[in-house]
Amino acid sequence: MATRRSALAAAAAGILTAALLSACGGSDAAAAGEQAKELRYQGWVGTVTPAELAESLGYLDDVRLKWIGNTISGPQDIQAATTGDTDFGGAFNGAIVKLKASKAPITAVVSYYGSDKGNYSGFFVLKDSPIKTAKDLIGKKIGVNTLGAHAEAITKTYLTRAGLTPDEIKQVELIVVPPVNTEQSLRAGQIDVAALSGTLRDVAIEHGGIRPLYTDVDLLGDFNGGSYVLRDDFIKKNPDTVRKFTTGVAKAVDWSRAQPPATVQAKFKEIIAKRGRNEDDSQVKFWKSYGVVSPGGRIADTDFSVWIDWLNGTGELKKNDLKPADLYSNEYNGAAS
């Protein structure tokens, strides 16, 4: 853990330097007094993000998205936005807390995913696995998509609530596995527990032979899990663009909640086919919800305070004075006013 924290601190220092060097994001437009009309971003294979849905529905007005590649990690996605490699990124709110605590110049503007009965993160074992309780995880391997994010926070919350000591928790090993390989890694015995979410979770459940050990909804109830962030300098130079983007995403989230799942799934298939990234869209049929619980993806203090308190309790924030209001703004969300 100490090594990982050191690595994160070093990365944060690099992020700050790069962010300052890239403070002219959209520099040509800014220099001319114009606001950026194109936002660079990373996607997810076989997935339609709320931002992509918003663009397809025409909710971004004259703002366009430019896909530069895919990611499998929220922390990496928001780091890319901080360094200026992209213009916005999305991650678990706890990961945003960590990055902001390192003085990264970012602000969260809208919730883009969450957990509810239709979209939750589950931690699955094989049906005949001897693992029944948190204690049984000591010495075992859990496959997660990345460290320092949603899956790690939920797992450590589960272990802590079950009464495991810090030394026992250290013996539960988190292994990074690409999401598309997690189910197979579990079935092949390479890991003991698989963190599965979204359509990949439902595909694995349909295949059978697995059972959930714990889920984030069981532990915390329904909650907003992650937010889109932008650099502060970009927001300052492009407030109208940020407002169009944020409001568009909010409207898309609300649209997805108001439609029958089949309608949303059909739209997703259309978007995936049109963008031509040679993706398998077979998972789309399992989509049920983005999981955002607030109207228009409006962010609340509690979306961040729970993770600030938790990270302070683990010592990762070293009792800093970071407050939820330091992390987000609903100012640009015209759909949530």
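**Close-up views of a predicted model**

**View 1. Helix α5 is mostly covered.** Of the 9 residues in helix α5 (residues 93-101), 8 are buried, where buried means under 20% relative accessible area, exposed over 50% and partly exposed in between, with a 1.4 Å probe and protein chains only. The buried residues of α5 are Asn93, Gly94, Ala95, Ile96, Val97, Lys98, Leu99 and Lys100. Helices (H or I, at least four residues) and strands (E, at least two) are DSSP runs, numbered from the N terminus. Residues are numbered from 1 along each chain as its sequence is written, and side-chain values use heavy atoms, with hydrogens and water left out. The model is predicted: local features need pLDDT of at least 70 and side-chain atom pairs count only at pLDDT 80 or more, whereas totals for chains, interfaces and linings use all residues.

**View 2. Helices α8 and α9 pack at an angle of about 30°.** The axes of α8 (residues 179-187) and α9 (residues 198-207) lie 10 Å apart; axes are lines fitted to C-alpha atoms, for helices over the stretch in contact, and angles run from 0 to 180 degrees between N-to-C directions. The angle therefore makes α8 roughly parallel to α9, a term for angles under 35 degrees. Pro179, Val180, Glu183 and Arg187 of α8 meet Leu200, Val203, Ala204 and His207 of α9, contact meaning heavy atoms within 4.5 Å. By class, this contact of α8 with α9 has 5 nonpolar, 1 polar and 2 charged residues (nonpolar: Ala, Val, Leu, Ile, Met, Phe, Trp, Tyr, Cys and Pro; charged: Asp, Glu, Lys and Arg; polar: the others, Gly among them).

**View 3. Asp61 and Asn278 are non-glycine residues with positive phi.** Asp61, with a phi of about 60°, is placed in the loop between α3 (50-56) and β2 (64-70). For Asn278, phi is also about 60°, and the residue belongs to the loop between α13 (261-275) and α14 (301-314). Asn278 counts as exposed because its relative accessibility is 79%.

**View 4. Residues 1-31 have pLDDT below 50.** The protein chain has a mean pLDDT of 88, and 89% of its residues reach 70 or more; pLDDT is the predictor's confidence in each residue, from 0 to 100. Beyond near neighbours in sequence, the stretch of residues 1-31 has 36 contacts in the model. Where pLDDT is low, the predicted coordinates should not be read in detail.

Notes
Parallel < 35°, antiparallel > 145°, perpendicular 65-115°, else oblique.
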